[in-house]
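Hi,

Here is the structure I promised to pass on. Have a look at it first, then read my notes below.

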Amino acid sequence: MASSDRPEPLRLGSKAPNFKAETTAGPIDFHEWANGEWVVLFSHPEDYTPVCTTELGAFAKLEPEFTKRGVKLIGLSANTIESHGGWIKDINEIAGSELRFPIIGDKERQIALAFDMLDHQDATNVDEKGIAFTIRSVFIIDPKHIIRTILSYPASTGRNTAEVLRIVDSLQTGDKHRVTTPINWIPGDDVIVHPSVKSPEAEKLFPKMQVVKPYLRFTPLPKEQTSANV
């Protein structure tokens with residue numbers, strides 16, 4: 001595929017493209033299916049591949065935690081729905097999981113192209129027809145269909161599902177409390193007061209705030225006040 005045929009890359013703050021697709025849970029209109037909830041959309045290069053199998057099993061096991069946070073999971077793989085069905089049986093057998101979320105059939109890479117999930121450099125990441133497979137992309141999309149996070153991994157590297165969940169907690173908690181989260185934050189750690197919150201409002205909202213620098217203000221936020229309190 002020529003680079004000129006590819007759409008402009010999506011960025012944080014872009015509206016997630018809508019699409020209609022066949023999935024293992026039936027046909028969907030993506031925006032209607034999201035139904036005002038958070039969505040984690042993640043792609044896989046191909047069915048019956050080792051890394052993808054481990055990933056989908058891990059997402060299936062962690063799905064209840066996403067569901068508690070009002071997050072829907074949906075996968076995508078560059079194969080047919082029929083192929084997905086057989087693969088899911090292997091995933092559940094290997095991982096001891098019960099995969100419930102839908103997997104999109106994207107044999108022609110139409111959705112992968114719309115979301116720019118294709119590898120630009122790795123010429124080996126193609127099918128027998130020379131069509132590029134998807135890389136391991138993750139899109140975290142908020143209830144307004146706005147892309148809040150984009151993660152891209154090479155086909156050879158499996159993702160960290162706990163990190164995806166941690167990002168969800170950071171985004172949801174930040175939206176609710178007007179805070180940001182520092183390096184290696186996990187729910188229950190101190191957070192940073194958002195720069196847009198100026199004094200004296202910050203002092204009223206965060207009475208335990210510690211000012212390290214005028215631009216760096218920490219405040220406690222118990223886990224019970226984060227989105228992880230589910």
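Val179 stands opposite Val193, a residue of β9. The two strands involved, β8 and β9 (residues 191-193), pair in the antiparallel sense over two bridges. (Strands here are DSSP runs of E with at least two residues, helices are runs of H or I with at least four, and both are numbered from the N terminus; two strands pair if DSSP finds at least two bridges between them.) They belong to an open sheet of four strands in the order β8-β9-β11-β10, with antiparallel pairing. Its edge strands are β8 (179-180) and β10 (210-213), each of which pairs on one side only. As background, strands of a sheet pair through backbone hydrogen bonds, either parallel or antiparallel.

Before you go further, note that this is a predicted model, where local features need pLDDT of at least 70, side-chain atom pairs count only at pLDDT 80 or more, and totals for chains, interfaces and linings use all residues. Residues are numbered from 1 along each chain as its sequence is written, and side-chain values use heavy atoms, with hydrogens and water left out.

Now the overall picture. The protein chain has six helices and 11 strands. Buried residues make up 48% of its 230 residues, where buried means under 20% relative accessible area, exposed means over 50%, and partly exposed is in between (1.4 Å probe, protein chains only). Of the contacts with a separation of 6 or more, 64% are between residues 24 or more positions apart; a contact means heavy atoms within 4.5 Å.

Next, a hairpin: β1 is joined to β2 through two residues. Four bridges connect β1 (residues 20-23) with β2 (residues 26-29), and the two run antiparallel. Ala21 has Ile28 in β2 as its bridge partner. In a regular strand the side chains alternate between the two faces of the sheet. In β1, Ala21 and Thr23 make up the covered face, while Lys20 and Glu22 make up the uncovered one.

Is His31 buried or exposed? At 17% relative accessibility, His31 counts as buried. His31 lies in helix α1 (residues 30-34), and a polar atom of its side chain is 2.9 Å from the backbone oxygen of Ala16. That is a polar contact: a pair of N or O atoms within 3.5 Å, where within protein one must be able to donate a hydrogen and the other to accept it, and residues adjacent in sequence count only if both atoms are side-chain atoms. Leaving aside neighbours within four places in sequence, His31 touches Lys15, Ala16, Pro17, Asn18 and His145.

On to α3 (residues 81-95). This helix has 15 residues and reaches 21 Å from its first C-alpha to its last, close to the 21 Å expected at 1.5 Å a residue (the expected span is 1.5 Å times one less than the number of residues). Its buried residues are Ser83, His84, Trp87, Ile88, Ile91 and Ala95. An α-helix has 3.6 residues a turn, so residues three or four places apart point the same way. The cover over the buried residues of α3 includes α2 (50-68), β4 (71-77) and β5 (103-105). Just after α3, Gly96 takes a positive phi of about 65 degrees.

How many aromatic pairs does the structure hold? There are eight. (Rings of Phe, Tyr and Trp, using its six-membered ring, pair if their centres lie within 6.5 Å; planes under 30 degrees apart count as stacked, over 60 as edge-to-face and the rest as tilted.) One of them is Phe42 with Phe59, which is stacked, at 4.1 Å centre to centre and 15 degrees between the planes. This pair links distant parts of the chain, as Phe42 is in strand β3 (residues 38-44) and Phe59 is in helix α2, 17 residues apart. Phe42 is buried, with a relative accessible area of 0%, and Phe59 is buried at 0% as well. The rings of Phe42 and Phe101 have centres 5.6 Å apart and planes at 70 degrees, so that pair is edge-to-face. Elsewhere, ring pairs link Phe19, Phe30, Trp33, Phe115 and Phe139 into a cluster.

Happy browsing!
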